[in-house]
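This report walks through one protein model, beginning with a single residue and widening to the whole chain. Please keep the sequence and the structure in view while reading.

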Amino acid sequence: VLCPPHLRPAIAAIYWFARTADDIADEGDALPQTRLDDLAAYRADLMATAAGLPPSPRWAKVFGQLGPMIRQFDLPVDLLADLLSAFEQDVVKQRYASQAELLDYCRRSANPVGRLLLHLYGVDDAESLAQSDGICSALQLINFWQDLGVDIPRGRIYLPADSWAAHGVDEAQLLRLESHPNTINLIAAHARQADAMMRKGSQLVKKVPGRGGWELRLVVQGGLRILDKIEAQGFDTLRRRPKLGAWDMVVMGWRALRM
C-alpha cells in the first residue's frame, strides 16, 4: 500500500535478488565451498545481466526480473554486488573482532538496500545517504541483538569480541547462552548503540517523498519497537527472542504519525 506502484516491480526484483542470494548462503545443508561456488556463479549472472547478456538458466527468473529494472532505473550494480560480498562473508566468518569490523559487514549487508531505495526515489545527497546508512546498519544490528539465541547455536556470534572483554564476558558464556549480569550488560550496551544510530538517521523520513516517507517511518519505528521489547525483557535475548504483536503495530503507527 505504501510503495508507489511504478516502483513496485523494481523493489520486488531487488528483493528477490537479495532473498535468493541469502538463501544460497544460509539455507539447506550444503558445504561452505559449495555455497561459495554457487554465490560466485550468481555473481557471474549478475554481471552478465548488467552487461545486457543472458544469465544462466539456473536463476533465469530472478535475473529476468532484475535486468529490465537495472536498465530502466539505472540501478547501481556495485550496490547489488556489495550484498553478495556480505553473503559470501556469512559463509566463512562467524566472529567479529570489533564494532568497526561489524559495521563494515553492515555496510555491505544492509546499507546497499537503503541506497538502492533512495536511488529509486531520486534522493542522492550525501547527508541523506549517510542517514540511510545509519538506519540500515541500525536495523541489521537490532536484528542481530534480537536473534542472539538463534544465531549463537548456529555458530555465529555477532557481538564484537573486544566488547566481550570490556564487559567481563567470555566466549564460553555466550555459547552456553548464559544469562548473567555481564552478558546482559553487554547486550544492553549494544542495543543502546543501535538505538542512538537509528534515531540519528531518522530525520531521513522527512526527505523521502510521498508514501515512501510513511513506509520509512514505519520501518524506523519497527526497529525502535524491537529495541523496546528487548529492554522490556531485561535485554536477555540469549534465552528469548522478542517479537512484534498486533498492539505493537498500533504503537508503531501512532509513533509514525508523531514523526
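## A residue in helix H6

Asn111 lies in helix H6, which covers residues 111-121; helices here are DSSP runs of H or I with at least four residues, strands are runs of E with at least two, and both are numbered from the N terminus. Asn111 has a relative accessible area of 7% and therefore counts as buried, given that buried means under 20% relative accessible area, exposed means over 50%, and partly exposed lies in between, with a 1.4 Å probe and protein chains only. If its neighbours within four places in sequence are set aside, Asn111 is in contact with Cys106, Asp133, Cys136 and Ser137, where contact means heavy atoms within 4.5 Å.

The model is predicted, so local features need pLDDT of at least 70 and side-chain atom pairs count only at pLDDT 80 or more, while totals for chains, interfaces and linings use all residues. Residues are numbered from 1 along each chain as its sequence is written, and side-chain values use heavy atoms, with hydrogens and water left out.

## Helices H5 and H7

The axes of helix H5 (residues 99-109) and helix H7 (residues 126-146) come within 9 Å and cross at roughly 115°; axes are lines fitted to C-alpha atoms, for helices over the stretch in contact, and angles run from 0 to 180 degrees between N-to-C directions. H5 is therefore roughly perpendicular to H7, since angles of 65 to 115 degrees count as roughly perpendicular, under 35 as roughly parallel, over 145 as roughly antiparallel, and the rest as oblique.

On the H5 side, Gln99, Leu102, Leu103, Tyr105, Cys106 and Ser109 meet Ser137, Gln140, Leu141, Phe144 and Trp145 of H7. The residues of this contact of H5 with H7 divide into 7 nonpolar, 4 polar and no charged, where Ala, Val, Leu, Ile, Met, Phe, Trp, Tyr, Cys and Pro count as nonpolar, Asp, Glu, Lys and Arg as charged, and the others, Gly among them, as polar.

## Helices H2 and H4

For helix H2 (residues 32-50) and helix H4 (residues 77-92), the axes come within 10 Å and cross at roughly 175°, which means that H2 is roughly antiparallel to H4. The contact of H2 with H4 has 14 nonpolar, 1 polar and 3 charged residues. Among the residues of H2 that take part are Arg35, Leu39 and Arg43, and those of H4 include Leu84, Ser85 and Glu88.

## Loops and an exposed helix residue

Asp74, in the loop between helix H3 (60-73) and H4, has a positive phi of about 55° although it is not a glycine, and with a relative accessible area of 58% Asp74 is exposed. Leu177, which is not a glycine either, has a positive phi of about 50°, and Leu177 is found in the loop between helix H10 (171-175) and helix H11 (181-201).

Ala232 is found in helix H12 (residues 210-232) and, because its relative accessibility is 70%, counts as exposed. Ala232 and Ala25 are 207 residues apart in sequence, and from C-alpha to C-alpha they are 33 Å apart in space.

## The whole protein

The protein has 13 helices and 0 strands, and its C-alpha trace spans about 55 × 50 × 35 Å along the principal axes. Of the 259 residues, 49% are buried. Among contacts between residues at least 6 apart in sequence, 67% join residues at least 24 apart.
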